[in-house]
Amino acid sequence: MLSTSLCSLPSELLSLWHNYRLPILLSTVALLTILRIVVHLRQNRERLSQSPVPGSPAQLPESKDPLLLAPGAVEKVAINDGHLEDIAIAEPPLLRSKPGPKRVIGSRVPRQASRRTIEFDSEEDRIQPVIFFSSLSGTTEEAAKTLVKDLDAWRGASTPRVLQPQLHDLSYVDYDDFFVSPPTSAPSTKHFYIVLLPTYNIDTSLDPFLEHLKETHHDFRIDTAPLSGLLGYSVFGFGDKEGWPTEEEGFCSQAKEVDKWLARLTGRKRAFPLGMGDVKSDARQRLLEWRLGVQEVLRDIASGKGLGEGIPGSGAAVESDEEDVKDAEDDGAEESEAPRKARKPKKSARVDDLEDLGRMVKSSTSGDPSGPLAIDFTTYKSTSTAAPAPLKEMVPASSPTYAALTKQGYTIVGSHSGVKICRWTKSALRGRGSCYKYSFYGIASHQCMETTPSLSCSNKCVFCWRHGTNPVGTTWRWKVDPPEAIFAGVKEGHYRKIKMMRGVPGVRAERFQEAMTIRHCALSLVGEPIFYPHINEFTAMLHAERISTFLVCNAQHPDQLAALQPVTQLYVSIDASNKDALRKIDRPLHRDFWERFLRCMDILREKRKEMRTVFRLTLVRGFNIDEEVTGYADLVERALPCFVEVKGVTFCGTSTSAAAGLTMQNVPWWHEVRTFVLALNDELNRRGLRYGLAAEHEHSCCALIGSEAFRDAEGRWCTRIDYEGFFRCLESGKPFGPEDYRGPPTPEWALWGKGGFDPRDVRVDRKGRVKEVN
Ligand SMILES: Cc1cc2nc3c(=O)[nH]c(=O)nc-3n(C[C@H](O)[C@H](O)[C@H](O)COP(=O)(O)O)c2cc1C
Ligand code: SF4
């Protein structure tokens, strides 16, 4: 039975096949197709899950597969011929196309991604720690000084390879000496920067420092990481959590900014992470911990380990990448695209900027009702559409600058102007002598108001006492007070101070009465008056009240100088005769300071046709006297001022001037000033320029060289001013020149060689005792 069944099976199968072969074949084909699709999809999913996790710093040392490196990371890869090349790793592809030889997708390292390794020979080389600080109210300065001592003690006991730390106040250093390239030194000395900073949400000298770091990074003429020659750096910030509780709310924000820019400028040589301390609670403890960390790093570098792996904050990939992304944001690159597509080598800032320029111009001319936005073409800005931040006040009442200035007797008017009565005004009220401007130009000191509509300046002159507290900047970026309010405010402040002199012994009644009418205004107090955007309106108000104007500027703002309307006497401070000396003495913030200075000379030559122009030379022994006569004569020849005032520097004796390296040794004697004046006058005459020795004021250590145009028909010097004549000229509405308001002859006692003391006044010594007049 079984055998019969078995024998019939093939024929049954055959008949089944014949009956159903078509559906069977179709089903098989369909099944195989489904299987194929499933297998294909499964393969893809597996590959997706195999794709690398980007950028974990922990994985980097283990894997040498460039595809597993973080995007933007740099790796040494052997190329066919065996040589090593730096490869920047592109974004990993989502799918691995084919198994087989690995393909490196990369390009040459973009400039900004490179991190130059500085060789440190632990047998030969030495580390020079350079500590920078900035301080307004002293906390950071004290901490920096203590840090110098602590580091010094530690290195003595620990490693002789670390040199004694240097200390620099950022308010005094020339940024170009330290923050465009590492300082020059012996080849075996390598620098390590340590920066201690407070944070201020108001304008302080930290702002130009930050601006400098940013500009240096973006300057297309300079390598984007010009400080990569440093061994490393670390920053510590002081802040106040009571006012700024969190980092989002601004705690230590400026230290964070400096840390960020230094990371870029050094090619990510952050040797130890940014430290931050709250001055009201944990600053001391945080600083100690941070110092121990920095010491650890210094020890490692000294022993030849460098900033390698294992050192906290040594610039691991994730951290560096974050900085790159931020960098791209700052440069206006399309950051939102970055995670989605393989990151190409970043477009150069220059290219971005050219593209952005079109958009900027469009937006500024698009008829925005708020008016065109000022565009600073010298820096690279993102094209963020966010509303511009409200402008800050230059000197807010809560600021240390305000406190410092008022303590010194200044009355702050509005948010950026100041007024003060000078010592000569007080002295003249008491009949004890007027300033040299009375001898030379007939200014009545007791009727003179000293003021400025801009407490900010674009220089950091070594002889200026205000360093560290004064706002500085290259462009006006503050709230602007109207000229009417400033004018009313400065007059009120001046008269209030004069009234306070009423009870002072020795004040002469008639002079006190006269002093209640201001006749002259010296726009020279501190800061840069032509910085104020409404300077012409302001001087017009003074002139309308028949107040003469003596305006002093620092030859750094040619455009404003060119636009200046006539003032009674226009001064330009000439603090040096050549580029190098000017950089050292004025420490200008503008990179192109010398070109600006020379342009101002040319503008002054034109201005001389409309108003009295004066060169003011401030002589500082050891800085700008020696062998500079020829240079000064060149400048006189270029600008042809009406007068050249030569004055020895006045030593203000503050700790800040001392910190700038200025001591009594730098104050020239009167005989030195005279010798210089004689030499300059001879040089001018030798060149055929018609100048002569006009007047002097020995007490102020000041002498005057005048253009021969200021002699009358009888050859007498007429350096004084016909003030009424000046106002008449102005009111006439016709063009006029300085000779049109030349005053009467200079009094005999004020002439060159006569000393310059008004015989009507009483000469007293420092203690107020009457001195005999010879
Ligand atoms: C006007 C003013 C603004 C300040 N702004 C900030 C700020 O934005 N963030 C912060 O963390 N601390 C701020 N502080 C606190 C200072 O950074 C802190 O007091 C610091 O220790 C001052 O250092 P210094 O004494 O060296 O100048 C500010 C302090 C003042 C007086
Ligand atoms: S120009 Fe005048 S205010 Fe400005 S830094 Fe020099 S001395 Fe000071």
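Which helix does Arg-423 lie in? Select Arg-423 to begin: the residue belongs to helix 10, which covers residues 423-429. The model on screen is a predicted one.

**Stop 1: Arg-423**

Arg-423 is exposed, because 11 other C-beta atoms lie within 10 Å and a residue counts as exposed at 12 or fewer. Arg-423 and Ser-445 are separated by 22 residues in sequence, and their C-alpha atoms are 9.3 Å apart in space.

**Stop 2: the whole chain**

The chain contains 21 helices and 18 strands. Of its 774 residues, 39% are buried. If contacts are taken between residues at least 6 apart in sequence, 72% of them join residues at least 24 apart.

**Stop 3: ligand 1**

Select ligand 1 and the residues around it. There are 25 residues around this ligand, and Ser-135, Thr-139, Thr-140, Pro-198 and Gly-239 come nearest. By class, the shell holds 13 polar, 10 nonpolar and 2 charged residues.

Next, colour helix 2 (139-158) and strand 7 (232-239); each of them supplies at least two residues of the shell. Which element gives the most to the shell around ligand 1? Helix 2 does, with 3 residues.

**Stop 4: strand 7**

**Stop 5: the neighbours of strand 7**

Select strand 8, residues 275-278. Strand 7 and strand 8 pair in the parallel sense, with 4 bridges between them. One place to look is Gly-239, whose bridge partner in strand 8 is Asp-278. Gly-239 is also among the residues that come nearest to ligand 1.

Then select strand 6, residues 189-198, where 9 of the 10 residues are buried. Strand 6 pairs with strand 7 in the parallel sense over 7 bridges. Two places to check are Val-195, which stands opposite Val-235 in strand 7, and Leu-196, which stands opposite Phe-236 in strand 7.

Move on to strand 4, residues 126-133. Strand 4 and strand 6 run parallel and are joined by 8 bridges. Select Ile-127 and look for its bridge partner in strand 6, which is Lys-190.

**Stop 6**

**Stop 6: the nonpolar cores**

Which residues have the most contacts inside the largest nonpolar core? Select Val-572, Cys-600, Leu-619, Val-636, Val-646, Ala-695 and Ile-705, which hold that place in a core of 103 residues. Helix 17 (residues 593-607) gives the most to this core, with 6 residues. A second, separate core has 50 residues, including Leu-151, Ala-225, Leu-262 and Ile-301.

Return to Leu-619 and show its contacts. Leaving aside residues up to four places away in sequence, Leu-619 touches several residues, among them Asn-624, Val-646, Pro-668 and Phe-676.

**Stop 7: Asp-481**

Finish at Asp-481, in the loop between strand 11 (448-452) and helix 12 (483-499). Is Asp-481 buried or partly exposed? Asp-481 is partly exposed, because 19 other C-beta atoms lie within 10 Å and a buried residue would need 20 or more.

Show the contacts of Asp-481, not counting residues up to four places away in sequence: Gly-414, Ser-415, His-416, Ser-417 and Ile-486.

Conventions:
Residues numbered from 1 in each chain as written. Chains lettered and ligands numbered in written order. Predicted model: local features only at pLDDT ≥ 70, side-chain atom pairs only at ≥ 80, totals over all residues. Near = placed C-beta within 6 Å. Nonpolar A, V, L, I, M, F, W, Y, C, P; charged D, E, K, R; others polar. Pairing = 2+ DSSP bridges. Core = buried A, V, L, I, M, F, W, Y, C linked by C-beta atoms within 7 Å. Contact = placed C-beta atoms within 7 Å.
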